[in-house]
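Reader: Could you take me through this structure? I'd like to go place by place.

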Amino acid sequence: MSRFRMIAVPPAVTAGVAVFDRHTGQFVEQLNADHQFRSASVVKLLIVLDFMWDRGPQYDVPPADQERLEVMLRSSDDDAASYYWDELGGAAIVERMVARLGLTDTAGPPATHPGFWGYVAITAADTVRIYRYILDRAPQPVGAYVMDLLHTPTRYGTDGFDQFFGIPSVFDPDFSIKQGWSGFHGSSGYQSDRAKPESALDLVSDALHTTGTVGVDDRSIVAVFTLHPSGTPYEQAYAVVTQLTAGLTVPGGVRAQAG
């Protein structure tokens, strides 16, 4: 018998949820936490950590990289992610970070789509592990650099999509986010390949993910991954993810005032 309560998920939506309280060191919410989803832009967390890995002890970031990393993390820019995916060896990034962080269910893109960083397989539980590394184990300059950017997201991604669904719609003022979206009409180049879903990983359903931290001193780590029927309007998925996030127990979270 699970010690976690049932989380209400709308019909036809697949969700993976994990909420971790850093004060107690315990999960307070879990649902399908080990279910693999295509990462969309959440993989950008692994990209920036791999970039920073061997830059110690100063962890200086050249100005050109500062500009790329800032827009990649704050505005979820895909061109910046593609640049580093190519520069750092593609799926080798994922292999290195899986070993370094002890991730259990994260893997590179399927063999049918080797260049698609948005098709990296990831889980809610592994996402919590990534944030726990950034907050509690990473060298201080690395953790501070990444979290400063995640705490100052732009409202819209560089592709024009509103990325304030989920965590930033529910909690205020203390939050950080790294969101992900894939498959919606007009979204960037790493959307679903509907003509060729030759993978155990769902590459067809529309994906919308909200991940980050909530509360003073990043008390809670929140990861909500969702898949929606192909063709779901972005605004509808946005509302579903926000409602799902609003129903979670999140220690330290202050609810945003309506209106």
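Author: Let us begin with Thr-232, which is buried at a relative accessible area of 10%, where buried means under 20% relative accessible area, exposed over 50% and partly exposed in between, with a 1.4 Å probe and protein chains only. This is a predicted model in which local features need pLDDT of at least 70 and side-chain atom pairs count only at pLDDT 80 or more, while totals for chains, interfaces and linings use all residues. Residues are numbered from 1 along each chain as its sequence is written, and side-chain values use heavy atoms, with hydrogens and water left out.

Reader: And where is the place of Thr-232, and what is it in contact with?

Author: Thr-232 sits in the loop between β8 and α8 (234-246); helices (H or I, at least four residues) and strands (E, at least two) are DSSP runs numbered from the N terminus. Leaving out neighbours within four places in sequence, Thr-232 is in contact (heavy atoms within 4.5 Å) with Phe-184, Asp-206 and Ala-237.

Reader: Which residues have the most contacts inside the largest nonpolar core?

Author: They are Leu-49, Met-72, Ile-130 and Val-146, in a core of 52 residues. A nonpolar core here is a set of buried Ala, Val, Leu, Ile, Met, Phe, Trp, Tyr and Cys residues joined through side-chain atoms within 4.5 Å. The elements giving two or more residues to this core are β1 (14-21), α1 (44-52), α2 (63-74), α3 (78-87), α4 (91-101), α5 (124-137), α6 (140-150) and β8 (220-228). Apart from it lies another core, of 26 residues, with Trp-181, Phe-184, Val-214 and Val-224 among them.

Reader: Back to Met-72, what is it in contact with?

Author: Beyond its neighbours within four places in sequence, Met-72 is in contact with Lys-44, Ile-47, Val-48, Asp-77, Ala-80, Ala-81, Tyr-84 and Lys-178.

Reader: Are Asp-78 and Lys-44 buried or exposed?

Author: Asp-78 is buried, and Lys-44 is buried as well.

Reader: What about the bridge between Asp-126 and Arg-129?

Author: Their side chains meet at 2.6 Å, N to O, and since Asp-126 and Arg-129 are 3 residues apart in helix α5, about one helical turn separates them. Asp-126 counts as buried because its relative accessibility is 0%, whereas Arg-129, at 30%, counts as partly exposed. Elsewhere, salt bridges that share partners join Asp-50, Arg-96 and Arg-100 into one network.

Reader: Where is Ile-93, and what does it touch?

Author: Ile-93 is in helix α4 and is buried, with a relative accessible area of 0%. Not counting residues up to four places away in sequence, Ile-93 touches Leu-46, Ile-47, Asp-50, Tyr-84, Trp-85 and Leu-88.

Reader: Last one: where is the pLDDT below 50?

Author: The chain averages a pLDDT of 93, with 93% of the residues scoring at least 70; pLDDT is the predictor's confidence in each residue, from 0 to 100. Over residues 189-196, however, the pLDDT is below 50, and this stretch has 28 contacts in the model beyond near neighbours in sequence. Where pLDDT is low, the predicted coordinates should not be read in detail.

Technical notes
Salt bridge = Lys/Arg side-chain N within 4 Å of Asp/Glu carboxyl O.
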